[in-house]
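Me: Could you walk me through this one? I'd like the quick tour.

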Amino acid sequence: MFLLGRKADLIDHGGNKVDPLEIETAASDLCQKCFAFGVEYQVYGQKIALLMIKPITKKQLQKKLAQRLEKFKCPNIYLVTNEIPLTSNLKISRSQLAQAYRNGEYDEI
């Protein structure tokens with residue numbers, strides 16, 4: 001899998017630019033697959049969402065990620081899915097993930 005537009009994918013959370021790859025790396029052993037992306041939010045610019053396949057419990061996720069990431073980099077939204085949607089070029093589009101979230105296509109844990 002390849003990711004589209006890495007620099008444009010930085011998450012603007014409270015004036016901090018957060019690299020989704022850093023969050024994904026911190027969570028990589030806590031689920032089968034995961035992708036971080038930004039969701040528009042008036043107060044902070046964007047909230048950090050983490051979409052996962054087969055994660056550990058939310059409480060365990062929050063505890064482990066709090067140990068691995070600075071507080072402002074920890075996800076605000078934890079989502080689960082059975083499969084990650086790909087573009088026609090077999091790539092991940094974080095903007096499409098955010099749109100699917102807004103459409104209610106993922107379950108929050």
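Predicted model: local features only at pLDDT ≥ 70, side-chain atom pairs only at ≥ 80, totals over all residues.

Me: Thanks! Is Leu90 buried or exposed?

Reply: Leu90 counts as exposed because its relative accessible area is 56%. Leu90 is in the loop between β6 and β7 (91–92); helices (H or I, at least four residues) and strands (E, at least two) are DSSP runs, numbered from the N terminus.

Me: And what about the phi of Leu90?

Reply: That phi is positive, about 60°, even though Leu90 is not a glycine. Lys54 also is not a glycine and has a positive phi, about 50°.

Me: Where is Lys54 found?

Reply: Look in the loop between β5 (45–53) and α2 for Lys54. Lys54 is exposed, since its relative accessibility comes to 64%.

Me: Changing topic to the strands. How do β4 and β5 pair?

Reply: Strand β4 (residues 33–41) pairs with β5 in the antiparallel sense, over nine bridges; strands pair if DSSP finds at least two bridges between them. β4 and β5 make a hairpin, with three residues between them.

Me: Which residue stands opposite Cys34?

Reply: Cys34 has Met52 of β5 opposite it.

Me: OK, and in which sense do β5 and β6 pair, parallel or antiparallel?

Reply: Parallel, with four bridges between β5 and β6.

Me: Which way do the β6 side chains point?

Reply: Ile77 and Leu79 point one way from β6, whereas Tyr78 and Val80 point the other way. All of these residues are buried.

Me: What else joins β6?

Reply: Strand β8 (residues 107–108) is joined to β6 by two bridges, and they run antiparallel. Val80 stands opposite Asp107 in β8.

Me: Helices next. Which residues of α1 are buried?

Reply: In α1 (residues 20–27), the buried residues are Pro20, Ile23, Glu24, Ala26 and Ala27. They lie on the same side of α1 because they cover an arc of only 160° around the axis, the arc being that of the directions from the helix axis to the C-beta atoms.

Me: Now α3, which residues are buried there?

Reply: Helix α3 (residues 94–102) has Arg94, Leu97, Ala98 and Ala100 buried. Their arc around the axis is only 160°, so they are on the same side of α3.

Me: What follows α3?

Reply: Gly104 follows α3, and its phi is positive, near 75°.

Me: One last stop, Glu70. Where is it found?

Reply: Glu70 sits in the loop between α2 (58–68) and β6 (77–80). Glu70 counts as partly exposed because its relative accessibility is 47%.

Note on methods: Residues numbered from 1 in each chain as written. Heavy atoms only, no water. Buried < 20%, exposed > 50% of the residue type's maximum accessible area, 1.4 Å probe, protein only.
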